[in-house]
Structures are given as C-alpha cells and as structure tokens.
Amino acid sequence: MSTQPEPITIKTPLRHDWQLDEVQALFALPFNDLIFKAQSVHRETFDPNEIQISTLLSIKTGSCSEDCGYCPQSARFDTDLKPEALLPVEEVLQAARRAKAQGASRFCMGAAWRSPKDRDVERVVEMVQGVKDLGMETCVTLGMLTDEQTQRLKEGGLDYYNHNLDTSEDYYSEVISTRTYQDRLDTLERVREAGINVCCGGIVGMGESDSDRAKLLQQLANLPKHPESVPVNMLVQVQGTPLMGTEKLDPLVFVRTVAVARIMMPQSRVRLSAGRTYMSDEMQALCFLAGANSIFYGDKLLTTDNPMSNEDMRLFERLGLRSGGSSYAA
Ligand code: SAM
Ligand code: DTB
Ligand code: SF4
C-alpha cells in the first residue's frame, strides 16, 4: 500500500516590521479579498473548524484605582457594580471545575487592580496551581507586575498572562490617564522575558479612528514576538462609564479588524472576545471566517454578560465548529 506524502504548506513568514501604510492597505481591501486572504493564512497553520475556548472569572471585583474609561470596575465611576475582595482559593477552584465540566480548556482569572500586592500574588499562585491540577491551562490578568511577581507566577506554573494595549498609543490618553502606554509595554516585556505566554490585544468601538485600529495592530505585530493570544474586544458599554454612549462601530469594520489581525499575526490565536452578546450569529460566523479561533465561553465575562453556553454550543453545531486546540500553533 502506497502512502501519500503529506502536502507541504509554505507558511506566511512572521513579520515584525509592519509599516502603517501596509496595515491600512489591508484594511482597505475589498471585503471579499480581505476575508479570502485571512482565511487562506488561517488555514496554513490552524484547523479552520477548531476553536479554543476559555472561561473567565473575576477573582477580585471593582474598587479599582484606575480610570480606564471603558471599565465598570473603576472606583471613579458610578456604576451598578458590587465590589468584592479577592475570592477564597476554594471558590475559584469550584468555578474552574464547572468551567472544565462545560468544556473550557483554559481558565482565565481577572482582578481589578492597578498592580497586585506581593501577598495577593501568593494567593493567585495557589489558584493557578489548583486550576492546573484540574488539567486546565491557566491565564491571569492582574495589572502591572514587578520582575519578582512575574517570576513567582512563572514558578507557580502560570501558562498565560493577559495584559492589553487596549488601543493605539495616540488614542490611549483619551481613554486612560492613570498609567502610560509604556507601563503596559514594560509589563508585557517582563512577562515575555519570564517565559510566560503573552495574551495581549485591545478594544475597538471606543470612538477611535481607522488609523488608531491600524496602529494598535501594528504595535501588537511589531512586538519582538507576536502574542500567543490576541483578544479583540468590542467595547461593552456600561452605564456610568465615560465611554457609555460612544457611537457604535460598524460590525463589518470589527470583522475587518479580526481579519487584519489574523493576517499580521498568522500563528496567534485571535480571540473574538467581549461584546459577543451584541453580535448576531452571522457576524460571529464572519469573524470565524476572518480567522478568529478562540472565544470566551460561559455566561459571564468579568462583570458583564456573555452569551449563554448552550447558545454558543448551538452556534458551534450550526457552523460545524469544534472546541479544541488549546495551545499556540507554532
Ligand atoms: N485590572 C487589570 C488590567 O487592567 O490590566 C486586569 C483586568 S481588566 C478588566 C482586563 C481588560 O478587560 C482590560 O484591559 C480591557 O481590555 C478589558 N475590558 C474591560 N472593560 C471592558 C469593556 N467594558 N469592554 C471591553 N473590554 C473591556
Ligand atoms: C480581555 O481582553 N477581555 C476580557 C479579559 N481579557 C480579561 C475582559 C472583558 C471584560 C468586559 C467587561 C466586564 O465584563 O467587566
Ligand atoms: Fe482597573 Fe483594569 Fe478596569 Fe482599568 S481595566 S479600571 S485597571 S480593572
């Protein structure tokens, strides 16, 4: 019996020298050409019908000192949120067990801090170890980190650290004043140096311009190494936050943003993140076609709603998608 040789696919090379006009030219392609290109790049690396699923839990909620204009957890805005101290480890592990039973492969724990205290990091390390013992991948997002804290998380076995650039450097000061873009880049560099996988993306629909979206993706792709995971969030508008009432982004521009992220970071997981409750099934299907291959799964994001798990499973069935493929593709 003769065995067929495996077909050879030549992968799009990874680039870190994107120029703004090149990124803008991708955004400006006719929609069909852009989606075709994104889906072609996607198939060089990934199974196009496999979606990685992560479940989020807010382990410390609200009363945050920062002024991120999109965020319901800032102490500076009058939102309807009930603050909660850092959760006990066992409560977190119960939520992780439920997430695993529902099919999530990664458990992401978020805390409303500017930066954690050392004793908080110790408690988070216990959570990471407990979640890993369940056989799940771990991700945490705790704000800015020191070298020592990053090291502790690495030693504790953390798989991913989420820290978003959120928007372009130019638009950043319109949204946040209490920490700088450079602070974010510094934390990302620490996480990368420590050998923890990087989860880094942004939010669109905050009133930014086309060129801000292009610049955000340029920043992400021109990092020394592409983030393994790139969350693309649509702003969830929350009553009481300064960005409440911002003009809604054209859904097709959101899909284009996903497609351009896929083309520029061909081996990263691009996550269709916050905002899915406001997206039609058809829009989400277009995002998967544009190369999104990860979602947040479970009825809640951190403090706001996410589609119900059974609705997501139904959508997966209708689209012939499977959950799986938890790790970085390369
Ligand atoms: N406090 C930490 C920090 O800011 O780094 C970690 C938690 S913070 C809530 C994590 C990320 O959630 C933010 O960087 C932002 O990208 C995203 N986020 C927060 N509120 C959002 C909203 N209303 N809509 C979309 N994304 C949001
Ligand atoms: C990310 O990029 N999006 C998630 C996660 N990383 C931590 C958070 C979305 C939060 C949406 C608003 C909320 O639920 O509070
Ligand atoms: Fe605090 Fe993070 Fe919300 Fe900013 S995004 S206000 S740092 S919880």
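How many residues surround ligand 1, and which of them are the closest? In this predicted model, where local features need pLDDT of at least 70, side-chain atom pairs count only at pLDDT 80 or more and totals for chains, interfaces and linings use all residues, side-chain values use heavy atoms, with hydrogens and water left out. Residues are numbered from 1 along each chain as its sequence is written, while chains are lettered from A and ligands numbered from 1 in the order in which they are written.

Ligand 1 is surrounded by 16 residues, the closest being Tyr-70, Asn-164, Asp-166, Arg-179 and Val-236, where a residue is near a molecule if one of its heavy atoms lies within 4 Å of it. By class, this shell has nine nonpolar, five polar and two charged residues; Ala, Val, Leu, Ile, Met, Phe, Trp, Tyr, Cys and Pro count as nonpolar, Asp, Glu, Lys and Arg as charged, and the others, Gly among them, as polar. A polar backbone atom of Trp-113 is 3.0 Å from a nitrogen atom of ligand 1, and an oxygen atom of ligand 1 lies 2.9 Å from a polar side-chain atom of Asn-164. Taken alone, ligand 1 exposes 550 Å², of which the protein buries 91%, with accessible areas coming from the Shrake-Rupley method with a 1.4 Å probe.

Around ligand 2 stand Leu-56, Pro-72, Thr-141, Asn-162, Asn-164, Pro-231, Asn-233, Phe-296, Leu-301, Leu-302, Thr-303 and Thr-304, a shell with six nonpolar, six polar and no charged residues. An N or O atom in the side chain of Asn-164 is 2.8 Å from an oxygen atom of ligand 2, and polar side-chain atoms of Asn-233 and of Thr-304 each lie 2.8 Å from an oxygen atom of this ligand. On its own, ligand 2 has 410 Å² of accessible area, and the protein covers 87% of it.

The shell around ligand 3 includes Cys-64, Cys-68, Tyr-70, Cys-71, Trp-113 and Arg-179, and by class it divides into six nonpolar, one polar and two charged residues.

Where do these ligands lie? The largest cavity holds ligand 1, ligand 2 and ligand 3, a molecule being placed in a cavity if more than half of its atoms lie within 2 Å of its grid points. A cavity is a set of points, on a 1 Å grid over the protein atoms alone, where a 1.4 Å probe fits but cannot get out, and its lining residues have an atom within 4 Å of a point.

The structure holds two cavities of 30 Å³ or more, and the largest has a volume of about 820 Å³, a volume being the space filled by probe spheres set on the points, which are joined across faces, edges and corners. Its lining comprises 41 residues, of which Tyr-70, Cys-71, Gln-73, Asn-164 and Leu-302 lie nearest its centre, and divides into 23 nonpolar, twelve polar and six charged residues. At least two lining residues each come from strand S1 (50–60), strand S2 (106–111), strand S3 (137–141) and strand S7 (229–234); strands (E, at least two residues) and helices (H or I, at least four) are DSSP runs, numbered from the N terminus.

The second largest cavity contains about 40 Å³ of space, and strand S6 (202–204), helix H8 (210–221) and S7 give two or more residues to its lining. This lining has eight nonpolar, three polar and no charged residues, among them Gly-201, Leu-216, Val-230 and Thr-257.

Note on methods. Polar contact = N/O pair within 3.5 Å; in protein donor to acceptor, adjacent residues only side chain to side chain. 1 Å grid on protein atoms, 1.4 Å probe; cavity = no way out; pocket = protein on both sides within 12 Å on 5 of 7 lines; lining within 4 Å.
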